[in-house]
Amino acid sequence: MLTVISDQNILNWIVFLPMIGMVLCLAAPNAKAVKIVGIGTTFLTFLLSLRLFPPFWNHLFGSAYGTAESIHFGFARDWISIGKFNIEYRVGLDGLSFPMVILTTLTSFLAAIASWNFEDWRVNKGIRGYFALFLLLETGMLGTFVALDFFLFYIFWEVMLLPMYFLIGVWGGPRKEYAAIKFFLYTFLGSVLILIALLAMYFKASDVGVHTFNLIDYATNPAIHQIFNAESTQFLRWNFGLAMFVMLFIGFAVKVPVFPFHTWLPDAHVEAPTPISMILAGVLLKLGGYGLLRICYPIFPAAGHTAAYALALLGLINIIYGALCAMAQTDFKRLVAYSSVSHMGYVLLGIAIMTDTGFQGAMFQMLAHGISSPMCFFLVGVIYDRAHHREINKFGGVWLSMPVYGSLATLGFFASLGLPGLCGFIGEIWVLLGAFNAPFPWAKPVAIVAAFGVVLTAGYILWLIQRVYLGKEKAEYSGFPDASAREVFVLSIMGALAIFMGVLPMFTFRLMNGTLDNIVKLFNS
Amino acid sequence: MLLAIANSFWMPDLDAVVAIGPLWGLAGTIVAIVLAALVLGRSAAVSSVITIIGATLTAWICFTHAPRVAQSAWAGLAPAGGSPMLLVDNFAILFILLICLFLACVTGLWMIGASTNARESAAHLRNGPEFFVLLVGSAFGMALMVSTTNLLMIILAIEMASLPSYAIVGFQKRNRIAAEASLKYVLFGAVTSALMAYGISLLYGFYGTLDVNEIGRLVSTELAATDTPAAAKALISVALFGLMAGIGFKISAVPFHFWCPDVFEGASIEVTTWLSVASKAAGLGLLLRIIAAVLQPLAETFDNPLSTTVAMFAAVTCTVGNLAAFPQTSVKRLLAYSSIAHAGYMLMAGAIIWQAKPGSDVANPAFAALIVYIIVYLFMNLGAFGCTALVYWATGSEKIEAFRGLGRRSPLIAAAMTVCLFSLVGLPPFGGFIAKFYLLMALFKSNLVWLVAVALLNSIFSLYFYSRIAYAMYFADDGKPAFSVPAFGRALVIAAAIVILLTGIPIAGGLIGRANQFASHLYPIAARTTFAEPQAAAAKDPIPLAARSAP
């Protein structure tokens, strides 16, 4: 086993192990076997991904972005290669992708465990298909995070689309079809823009004699950097860098999601089954932020500088508007979905200001949200499994009948709220610190307004806790069994991580800040 | 006098007769079917087996011919010193190979259908030999279409391909829809043939030659001359338009597409499958030859206005096809519109086909992209129509409702259909994406960014209606019982789906590489190396149009 898996090919194993599990799932004899294969595969993938820790733990980030010593576990082969035209299968990890890979494998594992009560779902059919698509989705997500070739990135990006479409559309709630097709069309529209950018960037790089889709080359090759960011370079009649930046941004913004491209998210979340909501909130939204950090900023820093104000403003709208929307919801899951919109606003704001504090805050916020948001969705799922509705105003006093669940729920929602000592706080405060210090004249006012978002967040979450968990015990909920061992297991892992990241944030920052610093260094060169 | 007549007869040498071997293969298959029917009696099974053997043999001949005519050369029939009547170059061989491959697949589909559906197969089996003679006849016509640049041969080839097609569309005599479809097809075909004959007669009248390459050169000289009157230019446009109408009809380019949905709906599903791919592939092959011949000399003198025209036609065809597919309830009709849309995508390559310099080693990306597209398209349509056929044979309906719950009732067929549908959309990781991506790259390289945008917008439109079928298969379930399909049919569609998946990721590089290698050997399309250089054409120095059109 150990000789089969080496540092050179471990990423391939991690990315394609779920696919092997997919085949096994389709061949498994009965429902229980399918579940065991599904959970086993995600667990093995998670274990394998733990082997990636050492170089990042030892702070081996290299001296510059994309150099050989800063990319670990790299693997590259020619794939579609005709003459000068060359598409590579190129994967590798740096401080940007590594935390995301861990987040993905962990969230997938927990979401697979959350799928254990498949038989109790409203749509209880086709468990083979469910787990097969689930695992295919994991391959797509992991592949997107580790791909260093733009074409490969795009392929993996799109591979996620179909499984998600079917997972929402087949196993979802009452309006699943609408939600699924809306998700599909929005995301596809975004990816078409990415595709145009991909073509334009390839040909522009070819103009200076570099025929490549290599994302690292795009960012670090001086000739490409020069032509991509020059004022005089044109795409149709626009400035090339800005046009690419905007197209890529819209493509990624759909996933983040950024106002006004966010409307698919509440629908998709409300209709998706609980584990899929966990994946959606925990990983898929992060792909947008990751795409911005991996592609937009290192490659088009000049355009990023030009667009900073607009992006920060959009981030601000996300924070405030998402929080206000969340406050107005009466559907439990929809509220959590809008809270995601609000939280991802901090990510966008942190990225927009282009400082290392901002980037660190944004990355941390993504990871924190990747822990707290799936936890919240799982909490909603637990109560939904028992009550079969999600009307916030019908609940009350749940803590009394389900003390363990109530305690963990409070922990999860406080982590989402951003209570100091829990993970949400660090991300938000880091972004606000960065915004306050950012070298833009508008940054301070934006930071001040964004800080008020924290108050709104506290408002809707405390109000939510009050309505659902506190108050008098209602008769119809008094007989509910408390959280099962399986549910406690999932919740306590996420709860523990939320506390760990909140109390000792430096252990998380340590895994990524070297690469983020290197990206920021690119801006000044 | 007699001697002069005798001299004007032209006897081909053996070399040339061997060179057009693939055509002999198909013609021989027709004869074999007829003879077998006379000797062994009228048996559909025998005819279908002969068809498959003939198609395979012809494909084998194509393979053996490929090395002989490699490297930008052609062989074929040409009167001494005249322009070639039939030419077999790599381009023709590729298309004939695809047509033969597809012929075998469609025959396989027919055999599956004959074994499943008792009611229809009675008529099927009784008239089997006729059906296969017609089917192979249309294949022969299509093979002719891709192996000529002679205007007279073009007319003959198109008619050879069309007339049997009309007959096989209306082959189910008692089916009124089929009869109506056939009549529509005939009427439309007749009108466009007339237009084409008119255009060709004008061209011949102007230039005194039937060779498209020669005409292309002369047209460009004529248009470049400053003293050419506007009326003459208009007449040339009319003539070219007439020529294009005949071919536009074959590939169902807008506005010559009206027959397509009705015919595809009315014809039996094997015939629809056949026409949706083979007829279009042949039409495209011919069109590309003509576009390359006419546009390439023009492009040297003009800022390619005709290229823009082709691009517009492609954009409109694509958009109309996709938009008209939206409200369809019949899967066959929906796929008919989808095939119009795909003709549009492929026609986009026509807009840039002239760009490779004749005689240079530079691979023409448009040709390479088109080859990839046609190969992938063949399998996508085979799979999609194959699944529709299997569902039709099992449920008796080809409406979208018939697909409801297919994900449960026949999971493998539903999975194969899903792969084909999303590949038709152009989503990764399926072959349709690779094909579209490579085509868009070629367009982008030629700065036709607007056409790229049109193609991508169309992909988004098309996602909606293709996913309606996926929706019916997986999201809507009316609880009808599961059904089983013939094992051979299942194998066929699954094989198609597997090829689509393979071309999507693992062998995408190989496919594109081969296509490129091939495309680089293609130019100039009509370079002749096995025959003597042509004598100066009779109309080398044509009378200026102005003088001719003067009263």
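**Exercise 1.** Which residues does S423(B) touch, not counting residues up to four places away in sequence?

*Solution.* The model is predicted: local features need pLDDT of at least 70, side-chain atom pairs count only at pLDDT 80 or more, and totals for chains, interfaces and linings use all residues. Residues are numbered from 1 along each chain as its sequence is written, while chains are lettered from A and ligands numbered from 1 in the order in which they are written.

Step 1. Two residues are in contact if their C-beta atoms, placed from the backbone, lie within 7 Å.

Step 2. With residues up to four places away in sequence left out, S423(B) touches M380(B), F430(B), G431(B), G432(B) and I500(B).

Step 3. S423(B) belongs to helix 18 (residues 411-425) of chain B. Helices (H or I, at least four residues) and strands (E, at least two) are DSSP runs, numbered from the N terminus.

Step 4. The C-alpha atoms of S423(B) and Y466(B) are separated by 9.9 Å, although these residues are 43 residues apart along the chain.

**Exercise 2.** Determine whether S423(B), F452(A) and H59(A) are buried, partly exposed or exposed.

*Solution.* Step 1. A residue is buried if 20 or more other C-beta atoms lie within 10 Å of its own, exposed if 12 or fewer, and partly exposed in between; C-beta atoms are placed from the backbone.

Step 2. S423(B) has 31 other C-beta atoms within 10 Å and is therefore buried.

Step 3. F452(A), in helix 20 (residues 443-468) of chain A, has 13 C-beta neighbours inside 10 Å, so F452(A) counts as partly exposed.

Step 4. H59(A) has 11 C-beta neighbours inside 10 Å and therefore counts as exposed.

**Exercise 3.** Describe how helix 5 of chain A packs with helix 6 of chain A.

*Solution.* Step 1. Helix 5 of chain A has 20 residues and reaches 29 Å from its first C-alpha to its last, close to the 28 Å expected at 1.5 Å a residue; the expected span is 1.5 Å times one less than the number of residues. Of the 20 residues of helix 5 of chain A, 20 are buried.

Step 2. Helix 5 (residues 127-146) and helix 6 (residues 150-159) of chain A pack at an angle of about 155°, with their axes 8 Å apart. Axes are lines fitted to C-alpha atoms, for helices over the stretch in contact, and angles run from 0 to 180 degrees between N-to-C directions.

Step 3. The two helices of chain A are therefore roughly antiparallel (angles under 35 degrees count as roughly parallel, over 145 as roughly antiparallel, 65 to 115 as roughly perpendicular and the rest as oblique).

Step 4. T139(A), G140(A), G143(A) and T144(A) in helix 5 of chain A meet F153(A), F156(A), W157(A) and V159(A) in helix 6 of chain A. The residues of this contact divide into 4 nonpolar, 4 polar and no charged (Ala, Val, Leu, Ile, Met, Phe, Trp, Tyr, Cys and Pro count as nonpolar, Asp, Glu, Lys and Arg as charged, and the others, Gly among them, as polar).

**Exercise 4.** How many residues does the contact take from chain B and from chain A?

*Solution.* Step 1. The contact takes 23 residues from chain B and 25 residues from chain A.

Step 2. On the side of chain B that touches chain A, the largest share, 9 residues, comes from helix 20 of chain B.

Step 3. By class, that side of chain B has 17 nonpolar, 5 polar and 1 charged residues.
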